[in-house]
Amino acid sequence: ATYTFRMGVLQTPFAEAFDGVAAPAFPAGWVAANAVGAAPLWVTTTTNVDSAPNAAFVNDPAATSDKRLDSPPIPIQTASAQLSFRNAWALESGFDGAVLEISINGGAFQDILAAGGSFVAGGYNGSISASFGNPIGGRQGWTNLSGGVAATPTYITTTVNLPASAAGLPVVLRFRMGSDSSVARTGWWIDGLTIADGYECCIGCTD
């Protein structure tokens, strides 16, 4: 029999739980913008968080909107980098939705799947209608309810393999929520992001 053992210590070069600031501010480097639609933008909130005191949150309005939250540039070292985060959502089922996008080395933003990534757990759960003006209509995404009730939906863990083409390059992650021209729901929460990226030799390490 042949066995393969991975050696070394898993590296987590990036982690963000949005807890080092006073809500509604974001940590340095994070950028919130509405490409379509009026305020509010993404904010940090103390309501329905996964890990206190804060989570990132965007509302889901009864109007056309395209609400984006961009991470700081994150250097990726290996072709096996993996992003995990906790998120909860209550979005108009099939009409409003959320997607994860990535820009590699300053390039155009693409859906994480189109860019070569793949979900391990907690991936997209539906299609978003293109019929009523949603800027991300016609795409797969997170929609409806993650669980629980709309006022306080349940958090799930999303884990995604980042594109192998990002190895050795900086990436920017974009959390993007799009809504159509009617019917509001509560919104989308993000908390507890980490990137695991390779292993480091642990010679001389102690428990």
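Reader: How many bridges pair β6 with β17, and in which sense?
Author: In this predicted model, β6, residues 65-70, pairs with β17 over six bridges, in the antiparallel sense.

Reader: Which residue of β17 stands opposite D70?
Author: R174 in β17 is opposite D70.

Reader: And β7, how many bridges there?
Author: Two bridges pair β7, residues 74-75, with β17, again in the antiparallel sense. I74 has V171 of β17 as its bridge partner.

Reader: What about β9: parallel or antiparallel to β17?
Author: Antiparallel, with eight bridges joining β9, residues 97-104, to β17.

Reader: Why is β17 largely enclosed by the rest of the structure?
Author: Strand β17 covers residues 170-179, and nine of its ten residues are buried, so the rest of the structure largely encloses it.

Reader: Changing topic. Where does D197 lie?
Author: D197 is in the loop between β18, residues 185-196, and β19, residues 199-200.

Reader: Buried or exposed?
Author: D197 counts as buried because its relative accessibility is 5%, and the cut-off for buried is under 20%.

Reader: What does its side chain make a polar contact with?
Author: The D197 side chain makes a polar contact with the side chain of T78, at 2.6 Å.

Reader: Which residues is D197 in contact with, leaving aside neighbours within four places in sequence?
Author: T78 again, along with Q11, P13, P75, I76, Q77 and A81.

Notes:
Residues are numbered from 1 along each chain as its sequence is written. This is a predicted model: local features need pLDDT of at least 70, side-chain atom pairs count only at pLDDT 80 or more; totals for chains, interfaces and linings use all residues. Side-chain values use heavy atoms; hydrogens and water are left out. Buried means under 20% relative accessible area, exposed over 50%, partly exposed in between (1.4 Å probe, protein chains only). Helices (H or I, at least four residues) and strands (E, at least two) are DSSP runs, numbered from the N terminus. Two strands pair if DSSP finds at least two bridges between them. A polar contact is a pair of N or O atoms within 3.5 Å; within protein, one must be able to donate a hydrogen and the other to accept it, and residues adjacent in sequence count only if both atoms are side-chain atoms. Contact means heavy atoms within 4.5 Å.
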